[in-house]
Amino acid sequence: MRDLLGRLAALDPDAGAAVEVIAYFDQLAESRAGLESVVRGAAVLAGVPAGFSDGGAIRIRVAPDGVPQRPSPPEPGWPSVPAGTGTLWLERSGPPGPIDAMILERAAKAARGATAPALVTVLVDGSAGEEARLRAARGLGLDGTLRALALPSGVPVVQRVTDPLPAGRVGVGPSGAVLALPGSWAAARVALRFTAEGTEQDPGPRVVHAAELGGLAVLAGAVGPDTEPVPDVRALERAASEGPWVLTTLVTVADSTSLRAAAAELVVHHSTLQDRLDRVEHVLGWSVREPRGRLRLQLALALRRLHRTPPR
């Protein structure tokens with residue numbers, strides 16, 4: 001590509017610059033760059049400040065050196081194009097030349113793909129005004145009963161309650177109207193901290209609904225990666241060193257209605273499960289076969305997950 005750009009620039013500087021613009025914005029689109037990155041690319045390539053606004057909460061302005069600036073409305077004479085739910089412009093007077101026109105066209109195309117994540121961010125932002133959030137919902141075509149999802153990436157997701165959940169660890173916020181989404185997002189982030197990878201070293205549910213946490217949600221505000229583990233969590237870690245089967249066995253016992261149901265879930269004989277528990281309980285220091293001990297185990301497992309580094 002660099003060789004091609006060099007040859008084109010030697011033959012026709014405008015053609016070389018146009019190919020460079022196309023390649024630049026195609027790369028941004030492939031990498032799913034954010035809206036600010038798209039505006040920054042337009043400013044750097046054009047050599048003048050560039051801006052974007054949806055007329056509401058999303059306002060971006062970037063200088064030609066790539067540094068974000070205080071947003072300001074565009075002047076009537078500046079070249080601009082529709083871009084998703086807003087308008088993108090270059091701060092240069094007069095009609096756009098061929099390269100400016102190419103920059104605006106390709107930036108607008110990339111912005112259309114980047115606008116949706118920005119609008120979702122507005123939807124779950126409690127500090128954004130109600131009208132801005134309603135406008136973002138209209139821009140995304142969302143209405144009715146919605147919910148927010150929290151993923152390990154930290155990127156918010158908003159969906160209708162009838163939509164399938166994404167794969168992997170997911171915290172699901174309560175459902176409600178558009179204006180309730182900031183609360184749903186906050187609850188979803190708490191729920192995500194109670195999820196597990198579903199592996200031997202991190203067994204447990206990969207999807208947790210905030211509405212089902214009840215009083216457990218209170219623990220999330222008091223426990224984190226820097227919190228000193230209580231003795232039961234330390235005992236759980238010691239027990240885990242007994243073998244790769246330990247944590248899966250304990251999670252299954254904690255979530256099952258009986259030891260026979262747990263044995264069936266683990267696909268082991270009832271006597272085999274009893275032998276496993278004899279060995280593990282000796283390390284834990286308490287019995288997990290009666291209600292009080294199972295509750296103690298459930299709390300220790302929940303605390304163990306909360307001690308992980310919180311999602312972004």
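This is a predicted model: local features need pLDDT of at least 70, side-chain atom pairs count only at pLDDT 80 or more; totals for chains, interfaces and linings use all residues.
1. Sheet order. Four strands form an open sheet in the order β6-β5-β7-β8, and their pairing is mixed. The edge positions are taken by β6 (157-160) and β8 (207-209); each has a single partner strand, so one side of each is left without a neighbour in the sheet. From one strand to the next, the twist averages 30°.

2. Pairing of β7 with β8. Strand β7, which covers residues 170-172, runs parallel to β8 and is joined to it by 3 bridges. Within this region, valine 170 stands opposite valine 207 of β8.

3. Helix against the sheet. Helix α6, residues 181-192, packs on the sheet and touches β5 (146-150), β6, β7 and β8. The direction of α6 makes about 35° with that of β5.

4. Nonpolar surface patch. Leu216, Leu295 and Leu299 form a nonpolar patch on the surface, and together they have about 230 Å² of accessible area. Of these residues, leucine 216 lies in the loop between β8 and α7 (217-220). Leucine 216 counts as partly exposed because its relative accessibility is 32%, a value that falls between the cut-offs of 20% for buried and 50% for exposed.

5. Glycine 113. This residue belongs to helix α4, which spans residues 98-123. Glycine 113 has a relative accessibility of 57% and therefore counts as exposed, the cut-off being over 50%. The C-alpha atom of glycine 113 is separated by 8.5 Å from that of leucine 35, although the two residues are 78 residues apart along the chain.

Key: Residues are numbered from 1 along each chain as its sequence is written. Side-chain values use heavy atoms; hydrogens and water are left out. Two strands pair if DSSP finds at least two bridges between them. Helices (H or I, at least four residues) and strands (E, at least two) are DSSP runs, numbered from the N terminus. Axes are lines fitted to C-alpha atoms, for helices over the stretch in contact, and angles run from 0 to 180 degrees between N-to-C directions. Contact means heavy atoms within 4.5 Å. Patches are made of residues with over 30% relative accessible area and no salt bridge: like charges are joined within 9 Å, nonpolar side chains (Val, Leu, Ile, Met, Phe, Trp, Tyr) within 5 Å. Accessible areas come from the Shrake-Rupley method with a 1.4 Å probe; for residues, only the protein chains shown count as cover. A salt bridge is a side-chain nitrogen of Lys or Arg within 4 Å of a carboxyl oxygen of Asp or Glu. Buried means under 20% relative accessible area, exposed over 50%, partly exposed in between (1.4 Å probe, protein chains only).
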